[in-house]
Amino acid sequence: MFNLFKKNVTPRQSRQRSWVSGWILLTIMLVVIGWLGFVFARTAITKEADGQSLSKDAQKLYQQANYVAAKRGTIYDSVGNVIAENTTTYTVAVVVSSKSGANEYAKQSDYSRIAKDFATVLGKTPDYYENYFKKANKNTYQVEFGNVGANLSSAKYEKLKSYNLPGVTFSTGTDRFYPNGVFASHLIGLAQTKVVNGRTTLAGTMGIEAAYNSKLNGKDGSTITSSDPTMKAANKAVKNGDDIYTTLNSTLQIALETKMDELVKAENPKSAIAVVMDTKTGNLVAVSQRPSFNATTGSDLGSYWTNLLTEDQYEPGSVMKGITLASAIATNNWNANATYKSGTLEIDDQKITDWNNGKGWGTISYADGLALSSNVAFSLTEQKMGATTWGKYIKAFNFLKSTNSGLSGEQAGTYQFKYPIEQANTAFGQGISVTPIQMIQAYSAIAGNGDLLKPNLIEKIVDPNTHKVVYQSKRTKVGKPISNAVAKETRVQLENVLYSDRSINKSFALTDTVTAGKSGTAQIATSSGYSQPGDTANEIFSWMGMAPADNPRYLMYIVTKQPQTNADKINDYQSDMFKSIMEQALAMSDNDNKITISADQERKVPTTVGEDQAQAQKDVTAAGLKPILMGSGSTIKSQSPIGDTEVLSGQRVFLNTGSGVEVPNMQGWTKNDAMAWGKLAGVDIVIHGDGFVATQSVNVGTKLSSGVNSISLELKKPTD
């Protein structure tokens with residue numbers, strides 16, 4: 001086609017066509033240039049191309065983000081004794097190559113010596129460590145030793161460091177430290193290391209640690225640095241996790257753990273739990289269970305994960321009779337002096353028998369039936385009330401529903417209540433399942449003025465960033481199944497359980513303090529029916545007691561499941577635990593769960609942040625307090641305690657200038673002082689022992705800028 005066209009074209013036509021083609025080409029070029037100009041102009045104005053922000057992309061090239069990890073909150077008892085806190089751990093490695101760039105490395109001739117010293121401190125045999133060295137080749141820069149060389153305590157770190165072994169290096173990490181060992185372990189729970197988005201953090205895996213994980217964790221911050229001075233660097237402030245104060249009383253808790261050990265050693269039960277409630281507040285001041293674990297050493301960890309307090313459903317047995325009693329008194333269906341024939345009762349062609357194989361004790365009063373824990377007496381009482389009324393009281397005492405403890409896995413309980421035999425069974429605690437926290441909540445109405453109190457586990461939650469209390473527990477009424485008068489009369493009847501001539505529970509009576517309570521024995525329900533009465537290895541033994549009976553201050557519940565040895569002496573061990581713990585609890589003053597300062601010792605901490613260091617020290621001294629200056633900066637950046645805090649006369653006040661901080665001489669300091677200094681300095685303080693600081697792992701005068709991130713302190717009592 002082009003060939004034909006070329007043949008017929010004249011020179012003039014050719015020139016005309018060339019001019020037109022040039023004009024078209026020029027037009028196209030102008031359009032393209034114009035379009036590009038529009039794009040460049042738009043990009044200059046909006047700083048976007050293809051929907052992407054050029055400024056943001058540029059910032060990515062020039063800016064670098066450094067994450068600032070939030071510190072996990074500390075868990076305390078009710079007055080500030082540490083239950084769970086963060087601690088620094090160490091992982092050891094040995095540099096074995098000169099190519100690593102390290103100043104020092106281990107040679108083959110050093111391996112044997114290193115292996116022997118490692119075995120001495122970390123355990124295993126020297127061969128264990130030498131085998132790791134043997135696996136090294138010319139491309140290996142450093143040798144690590146698996147779990148044995150990871151998560152080392154400060155004591156092991158200090159010991160290995162003291163050997164000055166060639167090539168030995170340490171990296172630091174954070175772990176959770178539980179200084180009390182076996183201490184309400186399932187209730188407090190665990191926080192363990194977890195890798196999230198390439199960063200290692202602590203995460204709660206059970207108990208309060210898991211239930212309040214988001215509050216304890218806080219929020220990580222970040223610092224963004226830019227190499228381009230025209231770019232703006234945005235920082236995100238770190239928010240450390242909230243501190244949680246539980247309702248536990250450490251003195252009582254430790255005593256309860258000891259008594260629980262004694263019971264388990266003697267009885268060898270499948271499980272056991274004991275709970276102590278402050279009847280005025282609903283606070284649970286001590287909780288212990290077995291099996292348990294040592295959160296400090298990890299001993300027995302993983303062998304039993306069930307939190308018995310909220311997750312264990314079981315038939316409570318005769319302890320339920322106290323609830324039946326209160327319901328009957330409330331409905332005018334209890335006459336203590338009326339009589340009935342004990343032994344055996346037939347309902348729907350089925351037999352309900354008393355615990356002595358249905359023999360009973362002849363015709364006796366209902367008061368004696370209570371003292372003897374007669375099933376027949378309470379089945380007859382249920383029939384007097386009627387199933388509809390009794391069913392309403394079961395629900396009024398908040399059985400069959402969660403207490404909303406906040407802990408994961410809490411059970412609601414169940415019952416069988418369709419037929420008359422089932423309805424009668426529930427009156428003496430069979431055919432209905434409960435949890436320990438439900439049962440102690442139900443009895444709080446009897447121990448008090450009829451108010452059903454929600455069991456409190458958390459005393460308060462404090463934001464360490466602002467020092468504000470973000471949650472404070474209070475006495476919480478969740479129902480009122482009975483009146484104050486009914487509660488008082490029920491307690492009078494429950495005194496009879498201990499002091500009647502017919503009593504089978506005399507051993508639970510406290511010395512010089514009138515006591516009320518109810519024991520329980522329940523058979524274990526299986527697929528083939530209930531275990532036989534007297535088969536003690538397959539029974540549940542329990543005791544619910546309160547004192548003083550006329551106005552109870554504390555309520556204690558003990559449940560021992562399936563004791564395998566000495567079951568015939570179970571009452572002896574449970575009564576010993578009850579009396580020991582209750583007498584100690586009653587001996588405590590109200591101030592044992594409060595931090596108090598007498599007026600003549602009280603001092604208010606001045607606010608010094610922003611002042612020059614000389615003036616700040618003068619202000620603190622004038623307030624009758626002892627200033628401890630931190631660093632060589634000109635002004636005070638932070639202080640502890642914060643301004644307006646009321647403290648004891650002569651207490652140390654730490655004034656941080658923010659630069660040039662050195663390690664002080666901590667000898668004679670209290671644990672609280674050391675922890676306060678460490679928090680301001682950003683240094684982990686690891687405590688060993690009790691009392692006052694006797695030795696410290698880092699020399700006095702060492703600058704923090706030299707890399708100090710942890711200090712181990714040994715505390716000793718003045719008598720040590």
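This briefing describes a nonpolar core and a set of paired strands in one protein structure. The model is predicted, and its largest nonpolar core has 114 residues. Strand 19, which spans residues 458–463, is paired with strand 11 and also with strand 20.

**The nonpolar core**

- Within the largest nonpolar core, the residues with the most contacts are F397, Y443 and M556.
- The element that gives the most to this core is helix 17, covering residues 436–447, which supplies eight residues.
- At least three residues of this core come from domain 1 (66–246), and at least three come from domain 2 (311–555).
- As a general background, nonpolar side chains tend to be buried together in soluble globular proteins.

**The surroundings of F397**

- When neighbours within four places in sequence are left aside, the residues in contact with F397 include I323, A326 and S327, together with A442 and A445.
- The contacts of F397 also include L452, P481 and I482, again with those sequence neighbours left aside.

**Strand 19 and its partners**

- Strand 19 is mostly covered, since five of its six residues are buried.
- On one pairing, strand 11 (residues 243–246) runs antiparallel to strand 19 and is joined to it by four bridges, with I244 standing opposite I461 of strand 19.
- On another pairing, strand 20 (residues 468–472) is likewise antiparallel to strand 19 and joined to it by four bridges, and here D463 stands opposite K468 of strand 20.
- Strand 19 and strand 20 form a hairpin with four residues between the strands, and in this hairpin H467 takes a positive phi near 65°.

Definitions and conventions. Residues numbered from 1 in each chain as written. Predicted model: local features only at pLDDT ≥ 70, side-chain atom pairs only at ≥ 80, totals over all residues. Heavy atoms only, no water. Core = buried A, V, L, I, M, F, W, Y, C linked by side-chain atoms within 4.5 Å. Buried < 20%, exposed > 50% of the residue type's maximum accessible area, 1.4 Å probe, protein only. Helix = DSSP H or I, 4+ residues; strand = E, 2+ residues; numbered from the N terminus. Domains from an automatic or database assignment. Contact = heavy atoms within 4.5 Å. Pairing = 2+ DSSP bridges.
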